[in-house]
Amino acid sequence: MTKQETMSFIKKAIPCLTELNAPANLSIEKQKQMFRTMCVIREFDSQVRTLWMKNEIYGLAHSYVGAEAIGVGACSAIEKSDWITSTHRGHGHTIAKGANTRAMMAELHGKFEGLNRGKGGSMHIADVEIGMLGATGIVGSGMPIALGSAISAKVLGNNAVTICFHGDGGTNQGVWHESINMAAAWNLPAIFLIENNQYAIATEISWVAKETDLYKRAIGYGIEGVQIDGFNVFEVYKAVKKAAEKARNGGGPTLIEARFMRILGHFVADDQWYRNQEEAELFWEVEPIKRMREYFLNNKLLTAQEVDALQQSAIEEIADSIHYAQNECTEPSPDTLYDDIYANGEIIY
Amino acid sequence: MAIITVRQALNDAFKEEMKIDPTIIIMGCDIGVRGGPFGITLDLMKLYGKDRVIDTPISEPAFVGAGVGAAATGLRPVVEVLYSDWITLGMDQLVNMAAKMRYMFGGKVNIPLVVRAPFGMGGGIAAQHSQSFEAWFNHVPGFKVVAPIEPHDVKGMMKTALRDNNPVIFFEHKRSYGIKGEVPDGAESESYTVPFGKAAIRREGTDVTIVAYSMMAIRAKLAAAELEKEGISCEVIDLISLLPLDYETVMNSIAKTNRVVVCQEANLRGGMAGDIVAEIIDRGFDLLDAPPVRVGGLNVPTPYNKGLEDLCIPDEKKIKDAVCAVLNNR
C-alpha cells in the first residue's frame with residue numbers, strides 16, 4: 001500500500017481521525033507530562049508482555065498498547081479527587097490516574113508490596129486512594145460501579161465526576177443500558193467513555209451491532225454523545241474536559257466514543273490468527289505516541305533530544321519498577337490468605 | 001417493652017439510622033413514594049428526600065451494582081430487591097464485585113452495602129416469588145448473611161448491618177412482616193443492636209436440639225411446644241445470623257442433648273441445613289447419639305396450587321416427625 005492508500009484505509013475505520021491540536025490553555029509542561037505518561041504506559045505494557053512470555057508474570061495480562069491517548073487524555077482532564085472505573089485492560093487507566101508503577105509491577109509479580117498485596121494481579125488492579133475503582137475481569141461490570149460512584153457524588157455534594165472506561169464489547173451488556181439510563185434520568189456527574197477498538201476478542205463490532213457509531217446511542221437516553229479520534233490525546237482531553245465541566249455544573253452524563261483500533265492481540269499472547277494481521281499493522285501509522293512525537297517536532301515545541309529524553313525517562317522508570325518487583329519485594333505469607341475478605345481485620349473461616 | 005411488627009421494626013431501624021448517618025441511602029423499585037410493596041420504607045422519602053431514597057427503574061443488575069459503587073465511594077447504601085427471587089438479576093454485581101472487591105484490592109476498599117431480600121414460601125405466589133437463596137450467599141466468601149425473624153432481632157440486626165463495613169445480605173421472610181414481638185422502649189429503643197454471629201436459644205430443652213432460622217424458628221417453637229405435651233423436651237436455637245454462624249451455641253446445645261434436627265425452608269438439596277450438619281459432624285461427631293436429621297422444602301419449583309404448595313412447605317408436623325426420627329434412633 002502507498003501511504004495515501006494506507007491513510008484512506010485507516011480513515012475508513014476511524015472516520016473521525018483528526019490532526020493533533022492542543023487546546024490553547026494547555027501548558028507545554030502539561031503536554032510533556034501527558035506524553036511521558038503515555039510512554040510509561042507503553043513501556044509498562046511492552047515489558048509486561050515480555051515478562052509474561054518469560055513466565056515471570058503469572059495469570060493473564062491485557063495490553064493497553066495503542067490505547068494510551070484515551071486513558072491519558074481523559075485522566076489529564078479530571079482531578080485526583082475524581083473517580084474512574086476500568087476494564088480488564090486496566091494498566092493504562094491505573095498509570096494515567098497516577099498510580100505508582102513500582103507498586104503496580106510488584107502487583108503483577110504477585111508480591112506482598114504490590115498495589116493489591118498480590119491478591120488482584122493484572123485483571124483486578126486498583127488504587128481507590130487515587131480514585132481508581134479497579135480493573136475488572138467481567139466485561140461491562142464497571143458501568144453500575146460508576147453509576148454508584150456518581151450517586152455518591154450527588155449525595156455527598158463533593159463535586160466529583162466519574163469516568164467509566166469500557167470497551168465496545170461492554171456496550172452490549174444489559175448493565176450498559178441500565179446504567180446510562182439511570183445516570184441520564186437523574187442527571188448524574190458521569191462520563192461514559194467507550195474505548196471502541198472495534199474488537200471484542202475476535203468478534204468485530206459490526207458482527208454484533210447494526211449501528212457501529214456507538215455514540216449515537218446517546219440519543220435514546222436524551223444525553224449528548226460524541227465520537228472522537230481515540231488515537232489523539234488532545235481530542236480525548238478536550239472531550240472529557242468539556243463533559244466533566246458539564247457534569248460538575250449539573251448537566252448530567254455524556255457518552256464519548258473514542259474510536260480507534262486494537263493493533264495487538266486481546267491478551268499478551270494472542271497472535272490474532274483470526275484477523276488480517278497486515279491490516280491491523282497499518283494502524284501503527286497513527287498510533288498515539290508516534291503522532292504526539294511528530295506534533296512536538298513539527299510544531300517546533302520540543303527538540304528531538306527533548307522528546308527522546310522523555311521517552312528514555314519512561315523506559316528507566318519501568319526498568320526500575322521491574323528491578324524493584326523482582327529484587328526488593330517479598331512473596332505474601334500464607335498468613336495473609338484470609339486477610340481482607342472482611343473489613344476491620346475480621347476473619348470468618 | 002413495646003410491641004411492634006417486623007414491618008415497624010425495619011421502618012424504625014431505617015428512620016433512626018438515616019437520622020444519625022447522612023451517608024445511608026436506600027434504592028429499589030417503588031420504595032420511595034409508595035414505601036415499597038410491603039410498606040417497609042414508608043415515609044422515608046418524605047423524611048430524607050429523593051436524593052437518599054431513590055425510586056429506581058426495574059433494572060436490578062445496575063441498581064444493585066450502583067449500590068456497590070456507592071458503597072465503595074463513601075455511602076452506606078441499602079438496596080432492595082423486591083422479591084429475593086430477583087436477586088438473580090443482580091448476582092454478577094454481588095458475587096463478582098461486592099463480595100470480592102475488598103479482597104481483590106488488597107483491603108483498600110470497604111463495601112458497606114445492605115441488600116434487603118424478602119424471601120420464603122407461602123401465599124400462592126408460585127415458582128418465581130417463593131424461593132430462598134441464602135445458601136448461595138453462604139457459599140461465597142465476602143458476604144455476611146442474616147435472616148432474623150423476631151421484631152427485636154430484625155430491628156437490632158438491621159442497625160448492625162447498617163453500621164457494618166461489609167456487604168450484608170439481609171433475608172426477611174415475606175410472610176413475617178405482620179409478626180409482632182417485644183422491642184425495648186424508651187432510651188434503649190434507639191440504641192440497642194443485635195450482633196452478627198450470635199444465635200438465640202428460644203426454648204431450653206434436654207432431648208433434642210432443633211437448629212432453625214427465619215420462619216423455621218417460629219415453626220420450631222410451635223413444634224417444640226406440642227412435643228412438650230408428649231413429654232419430649234426440645235432446645236430450639238434461632239440462628240438469626242447464618243454467616244457468621246454461632247456454632248458455639250449449637251455445639252454447646254448438642255453436648256447436652258446429643259441429638260440434632262436442622263431446619264431450613266428452602267428446598268433441601270444444596271442448602272444451609274446440609275452445610276450445618278457437615279460442620280456439626282466435623283466439630284463434634286462423638287457428641288451425637290443419632291444421625292442428624294435435616295428438615296427442608298421439597299426439591300421442586302414451588303407450585304401455585306394451595307394443596308401442592310402445602311406439600312412443599314416444611315411445617316411444624318415435619319419438624320415433629322424429624323424430632324421423633326432422631327429420638328427413635330436411641
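Reader: How many helices and strands does chain B have?

Author: The model is a predicted one. The secondary structure of chain B comprises 14 strands, and the number of helices in chain B is 13.

Reader: What radius of gyration does chain B have, and what does the globule rule give for 330 residues?

Author: The C-alpha atoms of chain B fill a box of roughly 60 × 45 × 45 Å along the principal axes. Chain B is as compact as a globular protein of its length, because its radius of gyration is close to the value from the globule rule for 330 residues. The radius of gyration of chain B is 20 Å, and the rule likewise gives 20 Å.

Reader: Which domains does the assignment give for chain B, and how far apart do their C-alpha centres lie?

Author: The domain assignment of chain B gives domain 1 (2-191) and domain 2 (200-328). The separation of the C-alpha centres of these domains of chain B is 26 Å.

Reader: How do the residues on the side of domain 1 of chain B that touches domain 2 of chain B divide by class?

Author: In this contact, 24 residues of domain 1 of chain B face 25 residues of domain 2 of chain B. On the domain 1 side, at least two residues each come from helix 6 (134-139), strand 6 (144-146), helix 7 (151-163) and strand 7 (168-173) of chain B. By class, that side of domain 1 of chain B has 12 nonpolar, 8 polar and 4 charged residues.

Reader: Which helix of chain B supplies the largest share of the side that touches chain A?

Author: The contact between the chains takes 39 residues from chain B and 39 residues from chain A. Helix 3, helix 4 (91-98) and helix 5 (101-104) of chain B each supply at least two residues of the side facing chain A. That side of chain B holds 19 nonpolar, 15 polar and 5 charged residues. The largest share, 10 residues, comes from helix 3 of chain B.

Reader: Is helix 6 of chain A parallel or oblique to helix 3 of chain B?

Author: Helix 6 (residues 142-156) of chain A and helix 3 (residues 60-72) of chain B have axes 6 Å apart, at an angle of about 55°. That angle therefore makes the orientation of helix 6 of chain A to helix 3 of chain B oblique.

Reader: What is the orientation of helix 6 of chain A to helix 7 of chain A, and is their crossing left-handed or right-handed?

Author: The axes of helix 6 of chain A and helix 7 (residues 174-185) of chain A come within 8 Å and cross at roughly 15°. Helix 6 of chain A is therefore roughly parallel to helix 7 of chain A. The handedness of this crossing in chain A is left-handed.

Reader: Is the crossing of helix 2 of chain A and helix 13 of chain A left-handed or right-handed?

Author: Helix 2 (residues 28-53) and helix 13 (residues 304-327) of chain A pack with axes 8 Å apart, at an angle of about 45°. That angle makes helix 2 of chain A oblique to helix 13 of chain A. The crossing of these helices of chain A is right-handed.

Methods: Residues numbered from 1 in each chain as written. Chains lettered and ligands numbered in written order. Predicted model: local features only at pLDDT ≥ 70, side-chain atom pairs only at ≥ 80, totals over all residues. Axes fitted to C-alpha atoms, helices over the stretch in contact; angles between N-to-C directions. Helix = DSSP H or I, 4+ residues; strand = E, 2+ residues; numbered from the N terminus. Parallel < 35°, antiparallel > 145°, perpendicular 65-115°, else oblique. Domains from an automatic or database assignment. Contact = placed C-beta atoms within 7 Å. Nonpolar A, V, L, I, M, F, W, Y, C, P; charged D, E, K, R; others polar. Rg over C-alpha atoms; globule rule 2.2 N^0.38 Å. Left-handed = near helix turned anticlockwise from the far one by under 90°.
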